[in-house]
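Please open the model in your viewer and keep the selection panel at hand.

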Amino acid sequence: MTENWRTLKAAHGGRPTAGVLKADGYGTGAAQAAAALHAAGCRHFFTAHLAEALAVRALIPGAMLAALNGLLPGIEADHVAHDVVPVLGSLAEIRLWAAQAARTGKKLPALLHVDTGLARLGLEASEVAALADDPGLLAGIDVLYVMTHLVAADEPDLPIHQGQAARFAVACQQLPPAPRSLANSAGIFLGEAFRSDLARPGAALYGINPTADENNPMRPVARLTARVLQVRAVAAGASVGYNATWHAGRDSRIAVVGVGYADGFPRALSNRGAASFDGVRLPLVGRVSMDLSAYDVTDHPGIAPGDWLELLGPQRSLAAVAAEAGASPYEILTRLGRRYARVWHA
Ligand SMILES: *Cc1c(COP(=O)(O)O)cnc(C)c1O
């Protein structure tokens, strides 16, 4: 994971590169990710929510920690007390933070989020214009960065990026001078124009491919293995699993493991997914149950109860599992369940 961070920082021209920790470190464990990145020298972190930030604040002393989802009325004092920087994305949020600064009697740090096309969070062009007309609106606010977020950085050939970069440049000229933050994981690979004073990669830290290239420059981070509970004989013509969606075409041997959709292992993998054993692909047969899934091991008589099958990892890439599930690799990772025994390696 820290190796991926170093790779991303190098791809960002050695410029400052944050670590995005939202969604429990994309399902892998935010606390472990925060500590490892901090030890590697990362000094800027993002979560989505204040609560996520509070859970890691003590682990990353001295580092900037910002909550992307913005400021809600009533949580300003918690932001101040715990040194969590809000990412302000509307005039209303700016007013809340300025009022908090006035109450506190000192300047308070914030990031300003400008919307340049995603239409999700962030200041609209008219709001940026209002700030340009009345800089007093930002009184008491120490703008650490002006940032925006790319719509489709994972599709490098689209013309949309240049428009966003241009709108971002215009907004930055209207706002008080401040460092800029632009690229997410995939944005780092869009080239020089998308480098900034602070990149904000999340996905690629955790092994998701940030390039359109099939060869992933990132190292896989999560590996999911599960033990075979039973190996059962299923006669030709008999079915496996709920609703009998798979029938054995021949006398078969079926390995059952204790991983199901309650573990975030998508039900959409029913009759489509696979496990891997010693580099061999074992097709997932029947429906994924809540707590169980089944694999055809007919051609691999050596597989026995207690053996470990890989469900995600070097042999079962996130990209492959996501494609089979009709999901995004982000979903596969962030849904990794709470029942797994987790072992972290730096
Ligand atoms: C999630 C997020 C990121 C990180 O995006 P990845 O594609 O996971 O690298 C960066 N910036 C913002 C505003 C985000 O919401």
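Strands, as named here, are DSSP runs of type E with at least two residues, numbered from the N terminus. The model is a predicted one.

**First stop: Asp142.** Select Asp142, which is found in strand S6. Next, display its surroundings: apart from neighbours within four places in sequence, Asp142 is in contact with Lys107, Leu108, Pro109 and Ala110. Then draw a C-alpha to C-alpha distance from Asp142 to Ala165; the two residues are 23 positions apart in sequence and 24 Å apart in space.

**Second stop: Leu158.** Move to the loop between strand S6 (141-147) and helix H8 (160-174), where Leu158 is found. Leu158 is partly exposed, with a relative accessible area of 30%.

**Third stop: the whole chain.** Zoom out and colour by secondary structure; the protein chain has 10 helices and 15 strands. Its C-alpha trace spans about 80 × 40 × 35 Å along the principal axes. Of its 346 residues, 48% count as buried. A surface display covers about 15,700 Å² of accessible area, 53% of which belongs to carbon and sulfur atoms. Finally, select the charged side chains: 30 are positive and 30 negative, and the centres of the two sets lie 4 Å apart.

Note on methods. Residues are numbered from 1 along each chain as its sequence is written. This is a predicted model: local features need pLDDT of at least 70, side-chain atom pairs count only at pLDDT 80 or more; totals for chains, interfaces and linings use all residues. Side-chain values use heavy atoms; hydrogens and water are left out. Helices (H or I, at least four residues) and strands (E, at least two) are DSSP runs, numbered from the N terminus. Buried means under 20% relative accessible area, exposed over 50%, partly exposed in between (1.4 Å probe, protein chains only). Accessible areas come from the Shrake-Rupley method with a 1.4 Å probe; for residues, only the protein chains shown count as cover. Lys and Arg count as positive and Asp and Glu as negative; His and the chain ends are not counted. The place of a charge is taken as NZ of Lys, CZ of Arg, CG of Asp or CD of Glu. Contact means heavy atoms within 4.5 Å.
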